[in-house]
Amino acid sequence: MFAWTPVLNHSGPTDFVFRVFTTVPEFQALLFLLFLLLYLLILCGNTAIICVVCTHTSLRTPMYFFLSNLSFLEICYTTVVVPLMLSNILGAQKPIPLAGCGAQMFFFVTLGSTDCFLLAVMAYDRYVAVCHPLHYTLIMTQKLCVQMVVGALGLALSLSLQLTALIFTLPFCGHRREINHFLCDVPPVLRLACADIRVHQAVLYVVGILVLTVPFLLICVSYVFITLAILRIRSAEGRHRAFSTCSSHLTVVLLQYGCCSLVYLRPQSSTSEDEDRQIALVYTFVTPLLNPLIYTLRNKDVKGALRNAIISKAASGVD
């Protein structure tokens, strides 16, 4: 079990501050409003998906069960990052204590890893639906769906706890260190350590492979079988329907895994702190915002359920 004592003994109480986006007050206000608007849209969009899935019996299938869990993860994921980020945009730099930074890193890595594992689970669900449609209900039981979600969360918790504890055994120089980021992510915090971090970077790389590369390869294998099965479908309408149910998930996968791989799997020599921060904005705001849009705009069932919910709400309001 990793101990936190070396940090405290080496450098005393340590605070971190986040590097500001800009020092111009007008730009600060503009960024604050922009990020706040995006955050509210993420909350509303993902909450709408959860409510629609929970209230419409026609959507109580494994695919939508996983989708509602993905939306819940996106809400938690952005909430771990954005409120603290917003509080640091306006005015002077606000310090975050060592424990606070560690807690944010732990929850950020946990939720992000669970997100990646869940996308792999959703790919398996699509594989069973397309390749074994007659056995779909027998294979994708409610018990198995719950077990896969719990398993994804448990694995993410285990990896995140060990990685975070390992990083915070490091000594950090000084009492107030500036993180060139808007959150306590692993790579920028590692750069502030006053010790040899080669082992820690190797561990981060291994965790990155387990969280990103392995699930992505499983998704690729699933879609190879899915594509082969779709090509065997004789009717053009059947092929179109099968492709449309998978294209939304594939779009989210490519965006999520692509951005995260650029940050966590690139060699340290080729990484730029500013680039990492810009890429992090994509998977902090763009991906969670696009998830509900992609799944609603490209999914007739969700669009129909949302339309019915709005109509019934409007009718009850008139009464």
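Reply: Below, each label is set against the cut-off behind it. Keep in mind that this is a predicted model.

Me: Okay, overview to start with. What is the secondary structure of the protein chain made of?

Reply: It comes to 11 helices and three strands. From the N terminus on, the order runs α-β-α-α-β-α-α-α-β-α-α-α-α-α. Buried residues make up 46% of the 319 residues, and the accessible surface of the chain is about 15800 Å², with 69% of that belonging to carbon and sulfur atoms.

Me: Why does Ser113 count as buried?

Reply: Its relative accessibility is 4%. Buried means under 20%, so Ser113 gets the label. You'll find Ser113 in helix H4, where it touches Ala156 and Val211, leaving out residues up to four places away in sequence.

Me: What makes helix H4 "mostly covered"?

Reply: Count the residues: 26 of its 34 are buried. H4 also reaches 49 Å from its first C-alpha to its last, close to the 50 Å expected at 1.5 Å a residue.

Me: Why is the pair of Phe21 and Phe35 called tilted?

Reply: The structure holds 12 aromatic pairs. In the pair of Phe21 and Phe35, the ring centres are 5.7 Å apart and the planes stand at 50°. Rings pair if their centres lie within 6.5 Å, so the distance passes. Under 30 degrees would be stacked and over 60 edge-to-face, so 50° leaves tilted.

Me: What does that pair tie together?

Reply: Phe21 lies in the loop between strand E1 (15–18) and helix H2 (25–55), while Phe35 lies in helix H2, so the pair ties together parts that are 14 residues apart in sequence. Ring pairs also link Phe21, Phe35, Phe182 and Phe285 into a cluster.

Me: Then what makes the pair of Tyr127 and Phe225 edge-to-face?

Reply: Their ring centres are 6.0 Å apart and their planes are at 65°. Edge-to-face needs over 60 degrees, so this pair qualifies. Tyr127 lies in helix H4 and Phe225 in helix H8, so the pair ties together parts that are 98 residues apart in sequence. Phe225 has a relative accessible area of 44%, so it counts as partly exposed.

Me: Where does helix H8 bend?

Reply: At Ile209, by about 35°. H8 (residues 198–231) has 34 residues and reaches 47 Å from its first C-alpha to its last, close to the 50 Å expected at 1.5 Å a residue.

Me: Why is Leu228 called partly exposed?

Reply: Leu228 lies in helix H8 and has 44% relative accessibility. Leu228 and Val130 are 98 residues apart in sequence and 9.9 Å apart in space, C-alpha to C-alpha.

Me: Last one: how do you know that Asn46 is buried?

Reply: Its relative accessible area is 0%, and the cut-off is under 20%, so Asn46 is buried. Asn46 lies in helix H2, and the buried residues there include Phe35, Ile42, Gly45 and Ile49. Leaving aside neighbours within four places in sequence, Asn46 is in contact with Ser71, Glu74, Ile75, Pro288 and Pro292. Asn46 and Leu290 are 244 residues apart in sequence and 9.8 Å apart in space, C-alpha to C-alpha.

Notes:
Residues numbered from 1 in each chain as written. Predicted model: local features only at pLDDT ≥ 70, side-chain atom pairs only at ≥ 80, totals over all residues. Heavy atoms only, no water. Helix = DSSP H or I, 4+ residues; strand = E, 2+ residues; numbered from the N terminus. Expected span 1.5 Å × (residues − 1). Bend = angle between axes of the 7 residues up to and from the residue. Buried < 20%, exposed > 50% of the residue type's maximum accessible area, 1.4 Å probe, protein only. Areas by Shrake-Rupley, 256 points an atom, 1.4 Å probe, with all protein chains shown as cover. Contact = heavy atoms within 4.5 Å.
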